[in-house]
Amino acid sequence: MTSWRAVLLSRFVVVPVAIAVIVAAWNIYVSLHAHGVLAGRVVDAAGRPVDGATVVLFAHDFVTQVEKARTSTDADGNFHFGNNASHLVQLQALDGTAASPRVTIRLWFRGQDRVLQKPLGLRP
């Protein structure tokens, strides 16, 4: 007769329990990081923050990128979007005659919070 310890340590128990723990941990992570916040900075060619630049959020719509929202930067060049429900977006900064290249951001899940590590750089 097998002991309970041997049964509990068998692969038929350990593997499903490990999978359940991983799935639960992922769901907890998602629930704590799914506010749809996208944030970052806009700088000029010299690396100085740009006040009042327009940042455009494009969301993937079947085969194209469609403009979903716009916001302006503050005095430190920071911008913030809330309630993003897409997991494939592009950001572009505009200021008069200068523009940044579009930056594609792929998120792990819908509504994932993300702060850009590299600022959007304006080019004439």
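Two residues are taken to be in contact when heavy atoms lie within 4.5 Å of each other. With that cut-off, 58% of the contacts in the protein chain between residues at least 6 apart in sequence join residues at least 24 apart. The model is a predicted one, so to speak: local features need pLDDT of at least 70, side-chain atom pairs count only at pLDDT 80 or more, and totals for chains, interfaces and linings use all residues. Side-chain values rest on heavy atoms, with hydrogens and water left out, and residues are numbered from 1 along each chain as its sequence is written.As for overall layout, the protein chain holds two helices and nine strands, taken as DSSP runs (H or I over at least four residues for helices, E over at least two for strands) and numbered from the N terminus. Along the sequence they follow the pattern α-α-β-β-β-β-β-β-β-β-β. The radius of gyration, taken over C-alpha atoms, is set against a globule rule of 2.2 Å times the number of residues to the power 0.38. It comes to 22 Å, well over the 14 Å that the rule gives for 124 residues, so the protein chain is more spread out than a compact globule. The C-alpha trace spans about 80 × 30 × 20 Å along its principal axes.

Residues are sorted by relative accessible area: buried is under 20%, exposed is over 50%, and partly exposed is in between. Of the 124 residues, 29% count as buried.

A nonpolar core here is a set of buried Ala, Val, Leu, Ile, Met, Phe, Trp, Tyr and Cys residues joined through side-chain atoms within 4.5 Å. The largest one has 17 residues, and Val42, Val55, Phe79, Phe81, Leu91 and Leu120 touch the most other members. Strands S1 (38–43), S2 (54–61), S4 and S5 each give two or more residues to this core, and S5 provides the largest share, three residues.

The loop between S4 (78–81) and S5 (88–95) is where Asn84 sits. Asn84 is buried, at a relative accessible area of 7%, and beyond its neighbours within four places in sequence it is in contact with Gly36, Leu38, Leu57, Val89, Leu107 and Gly111. Asn83 lies in that loop between S4 and S5 too, but counts as exposed at 70% relative accessibility. Its phi is near 60°, a positive value in a residue other than glycine. Most residues other than glycine have a negative phi. Phe62, in the loop between S2 and S3, also has a positive phi, about 65°, without being a glycine; at 75% relative accessibility, Phe62 counts as exposed.

Two further spots bring together residues that are separated in sequence. Gln65 belongs to strand S3 (residues 64–72) and is partly exposed at 23% relative accessibility. Gln65 and Val89 are 24 residues apart in sequence, with 7.7 Å between their C-alpha atoms, and Val89 is among the residues that Gln65 touches, as are Phe58, His60 and Arg102. Gly52, in the loop between S1 and S2, is partly exposed at 41%. Its C-alpha atom is 7.3 Å from that of Ala75, 23 residues away along the chain, and its contacts outside four places in sequence are Thr73, Asp74 and Asp95.

Definitions and conventions. Buried means under 20% relative accessible area, exposed over 50%, partly exposed in between (1.4 Å probe, protein chains only).
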